[in-house]
Number of protein chains: 2
Amino acid sequence: MSVTAPAGFDAAGVAVGLKSSGKRDVALVVNRGPLKVGAAVFTSNRAKANPILWSEQVIRDGVVEAIVLNSGGANCFTGAFGFQTTHLTAERVGELLEVGAGDVLVCSTGLIGTGDEVFRAKVLEGVAQSVAALDAESGQAAAEAIMTTDSVSKTVVRSEDGWTIGGMAKGAGMLAPGLATMLVVLTTDAVLDAADADAHLRAATRVSFDRLDSDGCMSTNDQVTLLASGASGVVPDPDAFRRALTEVCLDLAVQLQADAEGASHSIRITVVHAATEDEAVEVARSVARNNLFKAAIFGNDPNWGRVLAAIGTTQAQFDPYAVDVEMNGVRVCSNGGPDRPREEVDLTPRETEVVIDLKVGDATATIYTNDLTHDYVHENSAYSS
Amino acid sequence: MSVTAPAGFDAAGVAVGLKSSGKRDVALVVNRGPLKVGAAVFTSNRAKANPILWSEQVIRDGVVEAIVLNSGGANCFTGAFGFQTTHLTAERVGELLEVGAGDVLVCSTGLIGTGDEVFRAKVLEGVAQSVAALDAESGQAAAEAIMTTDSVSKTVVRSEDGWTIGGMAKGAGMLAPGLATMLVVLTTDAVLDAADADAHLRAATRVSFDRLDSDGCMSTNDQVTLLASGASGVVPDPDAFRRALTEVCLDLAVQLQADAEGASHSIRITVVHAATEDEAVEVARSVARNNLFKAAIFGNDPNWGRVLAAIGTTQAQFDPYAVDVEMNGVRVCSNGGPDRPREEVDLTPRETEVVIDLKVGDATATIYTNDLTHDYVHENSAYSS
């Protein structure tokens, strides 16, 4: 059900040939109200795709009628023609739904530089087919239509105290902070105003999608959108809603991590006893981005020296000769020196846990990453061919 | 000849079993004077190996009698015992050469965490054998003794106006700024004082080794040392000496790049028309560290979208929609949009050139990097096993 699980939302997912596989490639989610609240966060990459440039304007007034998404082409670095395509896409949705184009968000994903006349024609055809196919059962079809190299669709539904949150996500590579290469649509029938929706979304993404760093590469097209219909008539407890939204985002983030291109390990890197949360994030991210560490995990090698070499590049407060490192529960390094033998660490399971104790303060953070594998290299060397 | 090419230097390279292959693994370079000038730059990693901690003290007075180097073990994160090993190594060299231990530099390279009793015994045995083997012909043997995963030894000799510079380097992975995973010894018979030697060395490394960023991973053991014997009796023209030293360093840096673990492309990323040199470096480095770009080059895919996505993560001054990108002479992107077809770019040669025109100012910089390959993943997943 994904985005159609909460009351007040219709969706569709259709195939118009943007993907050479013939699979679904255009999705539409429409908020039937009574509220038309929207909030969104965008990639922090300065190289922003045309749909991002458009959607940043749409979201300003907190009113969103619909969101249209395509896979099979990023419409990024496609010049004025590409921006016009995004604009035309929103206008076509607006015409067919009889809403303002300025209340229609647009997302695109696929190869950067793709956005020619053929692309435009197919997207506009996809809009027409999607509007015709809209219903309250097609959340799954929409989730499939946004997949690119994803091997499975990612959806989540969570209900609580009379309201529901639904979500769908796509993303399998270029997963890094300032969002990952991903598109996420979250829907809820809870009664929220735009300011609350924005605050809840920022709080939830800060500790979920922004902590996902599969390969250190930041996308040009990322967007996470929350739409609220108010159709449940229930005003949620703010803390409960934020907690639930955060859990939903983390659930989707972990689904993205589990399906990261070519990865054989899902690695949680937790830094404890850091001076500040920002420093815990910085230290964990330095390890998550270290190719030698990532290759070692692929080889089931608990190479803690590479962990210390990575964290030594940060500016965080700690003494390298006081740091402890645990891998899958075995303390392989204590006080910056060898502790338990490497042979005691079992790295054969996909789920891998690294805990780094800085022994400085009380702050903690976790970064979610993946290993560096032959398949990652293969998939990303062949992507555009 | 490498380090023994300039007058006033003896060297040795011996095998004592630190490498399981039985190849040479301990090197010694001795300055016979009349000057005993030394300068060194070290890894900027805060996680520093024991030999770095020792050598940072030795270099303070600018007087160096000898430098001893071992492969087969990094002696990093080996605790107080490891530091004592480094200290004992310098003392043993000092005793046998009848010089002060405080004028003996020590370098180690190999697996982090290696530095036990067996390691210590072998290194000390290597010192004894090296001192016995010292002569003015063994520069090549010394260069071989510092190799780890290097497939070839790296040496250089350059003579000019009555003075000579010789050098040897090792390094094949963990190559990143703040030096690469490498040890470099440069010798000269030019007459230099310690302050000049230090200034020349810093100027030369800033635009050579510090611009080598093979895999974004910064080592714990890096050291580049310049020893001056003054044996030529010639006081060099400062500009000519600095230029020659810079060319020698760049020659060795490119040799390291050419032998980088598993790489199939040596990639020069040049940023032109940046606002400042620092910004040119920042932009070029962002591309050099982008795994998706590096995997694309491995796949002979001129994926310029990944170049723009990478530079969009920097804080440098530029408009993403004004940037041009050339690959091997073909302008694939102009003003942030597609230009020549990808098919025109031939990426089959190992040497790859990417030029990014920011169109902002007059500054230029080049970063030297490698592609991300199956072999890189393989070699670095199996390194410690």
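This is a predicted model: local features need pLDDT of at least 70, side-chain atom pairs count only at pLDDT 80 or more; totals for chains, interfaces and linings use all residues.
## Domains of chain A

Chain A is split into domain 1, residues 2–258, and domain 2, residues 266–381. The centres of the two domains, taken over C-alpha atoms, are 33 Å apart. Domain 1 of chain A puts 15 residues into the contact, and domain 2 of chain A puts in 16 residues.

The size of an interface is often given as the accessible area lost when the parts come together. Between domain 1 and domain 2 of chain A, the buried area is about 1,300 Å². Carbon and sulfur atoms give 39% of that area.

## Helices α1 and α2

Two packed helices are described by the angle between their axes and the distance between the axes. In chain A, helix α1 (residues 50–58) packs on helix α2 (residues 79–97) at an angle of about 50°, and their axes are 9 Å apart. That angle makes α1(A) oblique to α2(A). The two helices cross in a right-handed sense.

On the α1(A) side, the contact is made by Asn50(A), Pro51(A), Leu53(A) and Trp54(A). On the α2(A) side, Gly79(A), Gly82(A), Phe83(A), Thr86(A), His87(A) and Ala90(A) take part. Sorted by class, the contact of α1(A) with α2(A) has five nonpolar and five polar residues, and no charged ones.

## Helices α7 and α9

Helix α7 (residues 277–288) and helix α9 (residues 304–311) of chain A pack at an angle of about 125°, with 8 Å between their axes. At this angle α7(A) is oblique to α9(A). The crossing of α7(A) and α9(A) is right-handed.

Val283(A), Ser286(A) and Val287(A) form the α7(A) side of the contact, and Val307(A), Ala310(A) and Ile311(A) form the α9(A) side. By class, five residues in the contact of α7(A) with α9(A) are nonpolar, one is polar and none is charged.

## Backbone features

Most residues other than glycine have a negative phi, and most peptide bonds are trans. In chain A, the peptide bond from Gly33(A) to Pro34(A) is cis, with omega near 15°. Pro34(A) sits in the loop between β2 (26–31) and β3 (37–42) of chain A. In chain B, Gly33(B) and Pro34(B) are joined by a cis peptide bond with omega about 20°. Pro34(B) lies in the loop between β2 (26–31) and β3 (37–42) of chain B.

Glu98(A) is not a glycine, yet its phi is positive, at about 60°. Glu98(A) is located in the loop between α2 and β5 (104–108) of chain A.

Terms used
Residues are numbered from 1 along each chain as its sequence is written. Chains are lettered from A and ligands numbered from 1 in the order in which they are written. Side-chain values use heavy atoms; hydrogens and water are left out. Axes are lines fitted to C-alpha atoms, for helices over the stretch in contact, and angles run from 0 to 180 degrees between N-to-C directions. Helices (H or I, at least four residues) and strands (E, at least two) are DSSP runs, numbered from the N terminus. Angles under 35 degrees count as roughly parallel, over 145 as roughly antiparallel, 65 to 115 as roughly perpendicular and the rest as oblique. A crossing is left-handed if the near helix is turned anticlockwise from the far one by less than a right angle, and right-handed if clockwise. Contact means heavy atoms within 4.5 Å. Ala, Val, Leu, Ile, Met, Phe, Trp, Tyr, Cys and Pro count as nonpolar, Asp, Glu, Lys and Arg as charged, and the others, Gly among them, as polar. Domain bounds come from an automatic or database domain assignment. Buried area is the accessible area (1.4 Å probe) that two parts lose on being put together, summed over both.
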